[in-house]
Amino acid sequence: MPDPLRVLVLIPIITLHSSLQHEFLHGHPFRNQTINDLLIAPPIGVLVPYLRFKSCHLIHHINENITDPYDDPESYYLDRDVWESVPAWLKALLAANNTLVGRMTLGPALAAVGFVRSEYRRARGPDPIPSIARVWLRHGLAVTLLFWLVAQYGSLHPVAYFIAAYFGMGLLMVRSFIEHQAVEKANQRSVIIETRGPLSLLFLNNNFHSVHHAYPSLAWYRIPEFFRENRNRFLRMNGGYRYESYWEVFRRHGFRPKEPVAYPMRANRKRRGDVS
């Protein structure tokens with residue numbers, strides 16, 4: 001196949017690998033987590049080391065902290081005081097990132113830069129995490145090996161593979177874009193997208209995200225049936241935060257921000273050093 005077509009084929013494959021990483025860190029398919037980690041750790045998606053994603057994502061599952069700009073490592077919000085201090089050009093960039101098209105195109109770069117900055121602070125802060133540097137070093141070596149293998153045996157230029165990895169994360173961000181909203185009640189912050197289809201399979205049923213946060217160890221292939229059996233309970237629990245399909249998400253938020261970047265509630269901590 002010509003290189004552009006190979007890149008297009010690689011994008012959903014890389015997205016699916018990221019979805020599998022999410023499944024593996026939650027204890028599947030084996031009860032032995034070390035085996036799970038070893039199987040899924042190769043850096044197919046390039047941008048984020050699996051072990052660091054795992055650590056931050058498990059913190060994200062402290063449900064009362066979801067969306068908080070300080071205590072949730074996966075939050076896209078900024079504290080209101082921080083937002084007021086941001087220069088106008090960056091405000092425009094972050095506002096564009098709060099549209100679905102912006103999240104798919106700008107999101108991977110903004111997320112990668114923000115994650116590296118927060119990782120640096122975690123490694124050099126008052127309570128440093130010494131393992132971070134080792135994880136990133138191993139990740140860098142593994143990515144270098146991956147690029148060499150791709151060029152040597154796949155005849156694909158590393159730049160082309162990186163483009164596939166970038167937009168693989170961009171496609172994954174269709175899922176994360178809509179997963180959470182900033183509201184007072186923690187159990188109303190996670191979404192339900194009911195229609196199943198190609199994206200549901202690609203995201204391993206994380207469109208039923210409220211179910212996942214309520215039962216994070218529930219295997220991906222059990223989630224749809226479990227939701228159907230308890231649909232009314234979940235929709236009451238999450239306050240009706242629901243979309244019919246991802247097409248509805250595209251239609252409503254493709255070029256219109258889902259929410260403001262400024263966090264609408266009181267953030268848990270006022271430590272500027274923690275802002276991602």
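1. A residue is called buried here when its relative accessible area is under 20%. With that cut-off in hand, take His-212 in this predicted model: its relative accessibility is 3%, so His-212 counts as buried. His-212 sits in helix H11, which spans residues 209–214.

2. The surroundings of His-212 are worth a look on your screen. Setting aside residues up to four places away in sequence, His-212 touches His-22, His-26, His-57, His-61 and Asn-206. With His-22 there is also a polar contact between the side chains, at 3.1 Å. His-61 is 151 residues from His-212 in sequence, yet their C-alpha atoms are 9.7 Å apart in space.

3. His-57 brings us to helix H3, residues 50–60, where Tyr-50, Arg-52, Lys-54, Cys-56, His-57 and His-60 are buried. What lies over these buried residues? The cover includes H1, helix H2 (33–40), helix H7 (107–124), H8 and H11.

4. Two of the charged residues in H3 have partners in other helices. Lys-54 forms a salt bridge with Asp-37, with the closest N and O atoms 2.8 Å apart. Because Asp-37 belongs to helix H2 and Lys-54 to helix H3, this pair ties together parts that are 17 residues apart in sequence. Both ends are buried: Asp-37 has 13% relative accessibility, and Lys-54 has 16%.

5. The other pair is Arg-52 and Glu-119, whose side chains meet in a salt bridge at 2.6 Å, N to O. Arg-52 is in helix H3 and Glu-119 in helix H7, so the pair links parts 67 residues apart in sequence. Arg-52 is buried at 6% relative accessible area, and Glu-119 is buried at 3%.

6. Beyond its neighbours within four places in sequence, Tyr-243 is in contact with several residues, among them Ile-178, Ile-193, Glu-248, Val-249 and Arg-252.

7. Glu-248 is buried at 15% relative accessibility, whereas Arg-252 is partly exposed at 35%. Elsewhere, salt bridges that share partners join Glu-194, Arg-231, Arg-242 and Glu-244 into one network.

8. Please also check Asn-207, in the loop between helix H10 (198–202) and H11. Is Asn-207 buried or exposed? With a relative accessible area of 0%, Asn-207 is buried. The side chain of Asn-207 makes a 2.9 Å polar contact with that of Ser-200. Residues touched by Asn-207 from beyond four places in sequence include Ile-193, Thr-195 and Tyr-246.

9. Finally, the surface. Met-1, Leu-5, Leu-8, Val-9 and Ile-13 form a nonpolar patch there, with about 490 Å² of accessible area together. Met-1 is in the segment before H1, and at 63% relative accessibility Met-1 counts as exposed.

How values were computed. Residues numbered from 1 in each chain as written. Predicted model: local features only at pLDDT ≥ 70, side-chain atom pairs only at ≥ 80, totals over all residues. Heavy atoms only, no water. Helix = DSSP H or I, 4+ residues; strand = E, 2+ residues; numbered from the N terminus. Buried < 20%, exposed > 50% of the residue type's maximum accessible area, 1.4 Å probe, protein only. Contact = heavy atoms within 4.5 Å. Polar contact = N/O pair within 3.5 Å; in protein donor to acceptor, adjacent residues only side chain to side chain. Patch = residues over 30% accessible without salt bridge, like charges linked within 9 Å, V, L, I, M, F, W, Y side chains within 5 Å. Areas by Shrake-Rupley, 256 points an atom, 1.4 Å probe, with all protein chains shown as cover. Salt bridge = Lys/Arg side-chain N within 4 Å of Asp/Glu carboxyl O.
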